[in-house]
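Dear colleague,

Please find the structure below, followed by a summary of what was found in it.

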Amino acid sequence: MEYLLIKTLHILSSTLLFGTGIGSAFYKWITDRSGNLQAIVKTNRSVVLADWIFTTPTIIIQPISGFWLLHLLGFSLTQDWVVATILLYLFAGACWLPVVWLQIRMRELADNALANNEKLGADYQHYARIWFWLGVPAFIAMIIIYFLIVFKPTFL
């Protein structure tokens with residue numbers, strides 16, 4: 001029973017983490033490209049909120065439930081796929097931390113532009129490009145993590 005509960009929590013958490021990330025990224029990217037300042041403001045607010053409500057808790061739940069499952073199933077932390085998964089998760093997290101700051105900063109810039117009836121400045125566009133390009137390797141890392149966890153390959 002414990003195993004099924006933790007596995008279900010792990011799967012649901014990973015689904016929320018991945019789904020929120022890809023969904024937020026898609027809507028933010030599309031909305032930024034529209035140039036509609038009111039939509040950009042609303043979307044930036046929603047993306048930051050989604051990170052606090054969904055992404056942050058799942059980022060915490062994933063390693064806890066993952067290590068718990070490894071323990072329950074008797075897997076070693078030194079197995080190839082486990083080491084690769086941990087390293088990729090840390091890499092994705094290293095990409096995500098600046099993304100959070102960028103999202104908050106872009107939200108502030110968009111809010112200020114709307115409040116002052118101005119256009120978004122070059123710094124918003126610069127942050128948006130960095131945000132996008134940090135998301136690409138994090139997305140790829142998460143796809144590889146899914147593969148590793150499902151197939152548990154050995155590399156040596």
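Trp52 is exposed, with a relative accessible area of 52%; exposed means over 50%, buried under 20%, and partly exposed in between (1.4 Å probe, protein chains only). This is a predicted model, in which local features need pLDDT of at least 70, side-chain atom pairs count only at pLDDT 80 or more, and totals for chains, interfaces and linings use all residues. Residues are numbered from 1 along each chain as its sequence is written, and side-chain values use heavy atoms, with hydrogens and water left out.

Trp52 lies in helix H2 (helices are DSSP runs, H or I, of at least four residues, numbered from the N terminus). Together with Leu16, Leu49, Ile53 and Phe54, Trp52 makes a nonpolar surface patch of about 500 Å². Such a patch joins nonpolar side chains within 5 Å, from residues with over 30% relative accessible area and no salt bridge (a Lys or Arg side-chain nitrogen within 4 Å of an Asp or Glu carboxyl oxygen).

Ala110, in helix H3 (residues 80–115), counts as buried, at 0% relative accessibility. Among the residues that Ala110 touches are Leu37, Ile40 and Tyr124, where contact means heavy atoms within 4.5 Å.

Ala110 is also among the residues with the most contacts inside the largest nonpolar core, which has 14 residues. A nonpolar core is a set of buried Ala, Val, Leu, Ile, Met, Phe, Trp, Tyr and Cys residues joined through side-chain atoms within 4.5 Å. H3 gives the most to this core, with 6 residues.

Yours sincerely

Notes
Patch = residues over 30% accessible without salt bridge, like charges linked within 9 Å, V, L, I, M, F, W, Y side chains within 5 Å. Areas by Shrake-Rupley, 256 points an atom, 1.4 Å probe, with all protein chains shown as cover. Helix = DSSP H or I, 4+ residues; strand = E, 2+ residues; numbered from the N terminus. Lists of a residue's contacts leave out its neighbours within four places in sequence.
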